[in-house]
Amino acid sequence: MTQKYRLDKEGYINREKSISFKFNGKKYFGYQGDTLASALLANGIHLVGRSFKYHRPRGFIGAKEDEPNAKVQLYKGAKTEPNAVATEIELVEGLVAKSQNCWPSVSFDFGAINNFLSRFFPAGFYYKTFMWPKSFWYRIYEPIIRKTAGLGVAPLKPDPDRYEHKFEHCDVLVVGSGPSGLGSALAAAKNGARVILAEDKSKFGGSLLTDQVTIGNKTGKEWADETVEQLKSLPNVVIKNRSQVFGYYDHNMMVMFERTKDHIESPNKYIPRQKLWYIRAKEVLVSTGSIERPLIFGNNDRPGILLASAAKEYIKKYGVLVGKKPVIFTNNDSAYDTAIEFKKNGISPLVVDIRKNSEGAAVKEARGLGINIKFSHAVANTKGYLKVNSAIVGKLNNDKSGYESLENIPCDCICVSGNWTPTVHLASQSGNKLKFDEIISAFIPNQSRQNETTIGSANGSFTLKKSLEDGFNKGFEVSNKLTKKNIKSDPPTSNEKSYDNYEKFWCMPLPENKQYKRCVDFQNDVYVSDIELAIREGFRSIEHVKRYTTLGMATDQGKTSNLNGLQLVSNIENKIVPEVGHTTFRPPYTPVTIGTIVGREVGKHYRPTRKSPMHSWHEKNNAVFVDAGLWLRPRYYKQGNETLQQAAKREGANVRKNVGICDVTSLGKIDIKGPDSAEFLNRIYTNAWMKLPVGKARYGVMLREDGMVFDDGTTTRISENHFHMTTTTAQAVNVLAHLEYYLQVVWPELDVNVLSTTEQWAGAAVAGPKSRELLKKLFPEMDVSSEGFPFMGFKEENLSGIPARVFRISFSGELAYEINVESNHGVFMWEKIMSLGKNMGIQPYGTEALSTLRIEMGHVAGSEIDGRTIPSDLSLEGMLSKKKDFVGKRSLNREAFLNPDREKVVGVIPVDKKTMIPEGSHLVKDKNAALPNPKLGHISASCWSVEYNNPFSLAILKEGKKRIGEKLYALSPLKNKSIEVEVVSSHYVDPKGERVRS
Amino acid sequence: MLEIKCPYCGSRSQNEFSYGGDSNAKRPELGKEVSDKDWDNFIYLRKNPRGKHSELWHHVAGCRQWFKVLRDTSTHEIFKTAKLTDEL
């Protein structure tokens, strides 16, 4: 198949290797080295999408990352990617792409009706139109707007690709490999600095790939290739192509993404698709180049109208003509290079130049080649619906407010140039306050806030000579700050064309009595009339104009539109651009896939999983696991076809009747040592600790300084100056940090050390009326009688030769013990307990049964200790020492905490004794009261009581125990339930606590 | 992401640390009478300066030591870090 617009020569493509791809369902061919954009243009295709709001036909404008229009959807299914920029996608065999924001097709788009209705949708029409009736927003307006808002479609299936993160440090990071970037990287590397050079494109060289220049006795391209080879050979240089540095963060943290897979025809499935690099650079050299600015004229957004530099790039890099009857429209000399490239390839362009004259070298060369030039002329309007077919060109009158005459000039493309805008995004992100340079009419970096230096055309120096000097000098300077080796490299001599002045004129007047649309922001469909409207309506700050019109807010971040917008605002307001200011540049510079940002932290890899030493035993015994923070804990051990509730009932009932065993390894354990340990605990906990005897445990409650309950658990005195603290699973990490804070910051005079030992001990709770009998079997030498080993006792014992710690503590409310052994003996301990308990009907129980047992006993846990409850809310006032001060005590007599109306813990049962009350239900007096129904409290935890065989819940209820006996309603609008309930004591089972002491 | 110099371990990335607020907030001594106002100030009120701020950081994924950092809240520049026993 012929590529009608492909040249026989020119370009860095491989004409031997033909590549097939699909666009909008049709098969085309390109060559290896093409981008999707250059391959489509080689086939004569300009129309690639529809504009965001008015669905106007749109084609390519740029040839690189500045492209605002050519956003396409790639591939299908899980691999699909929305909003891919066609100019940045390297062509690969089998590529599938389609246009976005059009239906049924890009050439016949139903939504284009918006273009004819456009007077109803000016800037800000959302705010004006959809204000009333209010209730319509969620149900009608928003869904419709969402459907018609025009970007790609996100994949619905999980991403099949892998992404990786990498961390790097370097002395100097150079961003961009044009002349200044290559020069600075070389100078810094030769001076001994560790250098990373990052280039977004597949080929190094930047403007050297397209410009007719010589460096030394080589062409620009040859010099670039040679310099890259030289850099690659240096051991202190990392050089990366296809790598976009998209964000400049604090303390010189640079973030870059590298495209590692998509350009390869049959990639190894193990290589990641993209890599995200976090680079901590001591110095950053920003050599990101510049972007050409479009000119604004009537219907300047038709397909076939593109930047002059892009047209040149398509010829020089890809051997592609963007048209065969070009009009070149410019206010400066650089577009003449494009005209010359056309001419060299046998195409005669017409140059329309706003200026009265120019004596630049390129203009002279163009004249010499016989190129037709119309000075003092402008393109006023264009024609052609799906592609431009003529330009209406007129001679500008003296004050450029209108035209003296207009003529229709047939053409198939218009290449525009409004001079160059330095790419200052990274410098601005780093905190550099930009300044407006009157000479180039654009912002350039000013005072650096971090260690960043901008060089080359990104800094507004648009000549090769200056860029090379800048690169070599700054590369040496910044590297020498670090290496101090004083090895200076001189910039090579270079040769380039001289340039004459440009005309500071961007927005063409409309011909008399014409109201053509003149586009400023191509991607977000913002026109001159929208900006005029915003200012008429009183928006003054450029940030407000931006938000009202959405100028520069699209995924291209206004790379081609921001400055033209600013210029317009300043013209209308009769201000100068620096007074208007500029909007904030934010990362990412170009769109980054979510997959790259997430990296390997997906699914189970999102965070580490903590497993108990007995985990494999649980797995073998049909445990169903539940996430408890980072821990995986057995929720229940499934037998046959049991449901969760059936299993929890069986396991819980077995604890109440026989004996059960529960893995409690995940409970936080903190070793506390030192002569002031008891004093420290006395300050941290609300109750008294000085007199706790060695060999005894005590239940403790700790508060935050604001009086809220923070955590609870038991702490055991192992020896005089050695304690073993336990915390809840959820707060283990926070409690350790809390203790460290008080020991290091508040009371450094206390001689105490704390250390987490959670993972050093495997823990098993053995609970139930038969647990004493089992303990006797485990430790035949031990006196297990209630006198010999009373409630809250502690002993160090020997489990068949293994040291074990035995505590008589209980969470289930039954007679219970907890046994700890070193982690590597966990399975041995567990199996020993299981085998010796077999005759007693021992069964393992999971967290669901554990919760059931604690709920019906009225023990508070995380669902009640929720950061909003003080001790008296949880019936823990008995735990508060009156004799001593402790963390949080002073807060407890604050007025609000003494209010008798406070919500306090109670028990609740459904009146029908059958319906489980959903956790989170609200308790109200009248289920039919008008909304918002006054809330008296909420259900914090629910279970099916194994003791009474009916549902039971804990609740936090206004006035708490005073309401015992009252009938209320538990409402759960989420589950659509309304349940009549009775308030009872929170201690539903064994209220006197006789079992644990038996 | 900030780079913070732990006085014990050296420069590390911010994700190894957790923030601990104003280092000048002093807890009233235990057992001493404290007025409601002073207590409220200690619990809830902190200066929120734009500019230099001396603060506590905890090297949680490292040596577990608390230390002091003098940081500019608007630019994130870190001027100095110090052990709790040293002056900033």
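At the start of helix α13 of chain A, a side-chain oxygen of S541(A) comes to within 3.0 Å of the backbone nitrogen of E543(A). Please keep in mind that this is a predicted model.

- Helix α13(A) covers residues 542-549, and its buried residues are I542(A), V545(A), K546(A), Y548(A) and T549(A).
- Just after α13(A), T550(A) has a positive phi of about 65°.

- Strand β18(A), residues 326-330, pairs with β19(A) in the parallel sense over 4 bridges, and V327(A) stands opposite L350(A).
- From β18(A) the chain passes through helix α8(A), residues 334-344, to reach β19(A), in a right-handed β-α-β crossover.
- Strand β20(A), residues 372-375, runs parallel to β19(A) and is joined to it by 4 bridges, with F375(A) as the bridge partner of D353(A).
- A right-handed β-α-β unit is made by β19(A), helix α9(A) (residues 361-368) and β20(A).

**Salt bridges**

- Over all chains, a search of the whole structure finds 66 salt bridges.
- K201(A) and D200(A) meet through their side chains in a salt bridge of 2.6 Å, N to O, and both residues are buried.
- R650(A) and E642(A) form a salt bridge of 2.5 Å, N to O; both of them are buried too.
- Salt bridges with shared partners link E65(A), E88(A), D200(A), K201(A) and R259(A) into one network.
- R280(A) forms a salt bridge with E3(B), with the closest N and O atoms 3.8 Å apart.
- This pair joins two chains, because R280(A) lies in strand β15 (residues 274-286) of chain A and E3(B) in strand β1 (residues 3-6) of chain B.
- R280(A) counts as buried at 6% relative accessibility, while E3(B), at 29%, counts as partly exposed.

**A nonpolar surface patch**

- W103(A), F108(A) and F110(A) form a nonpolar patch on the surface, and together they have about 430 Å² of accessible area.
- W103(A) sits in the loop between β7 (95-99) and α2 (113-116) of chain A.
- Why does W103(A) count as exposed? Its relative accessibility is 59%, and the cut-off for exposed is over 50%.

Technical notes: Residues are numbered from 1 along each chain as its sequence is written. Chains are lettered from A and ligands numbered from 1 in the order in which they are written. This is a predicted model: local features need pLDDT of at least 70, side-chain atom pairs count only at pLDDT 80 or more; totals for chains, interfaces and linings use all residues. Side-chain values use heavy atoms; hydrogens and water are left out. Two strands pair if DSSP finds at least two bridges between them. A crossover is right-handed if, with the strands pointing away from the viewer, the path from the first strand over the helix to the second runs clockwise. Buried means under 20% relative accessible area, exposed over 50%, partly exposed in between (1.4 Å probe, protein chains only). A polar contact is a pair of N or O atoms within 3.5 Å; within protein, one must be able to donate a hydrogen and the other to accept it, and residues adjacent in sequence count only if both atoms are side-chain atoms. Patches are made of residues with over 30% relative accessible area and no salt bridge: like charges are joined within 9 Å, nonpolar side chains (Val, Leu, Ile, Met, Phe, Trp, Tyr) within 5 Å. Accessible areas come from the Shrake-Rupley method with a 1.4 Å probe; for residues, only the protein chains shown count as cover. A salt bridge is a side-chain nitrogen of Lys or Arg within 4 Å of a carboxyl oxygen of Asp or Glu.
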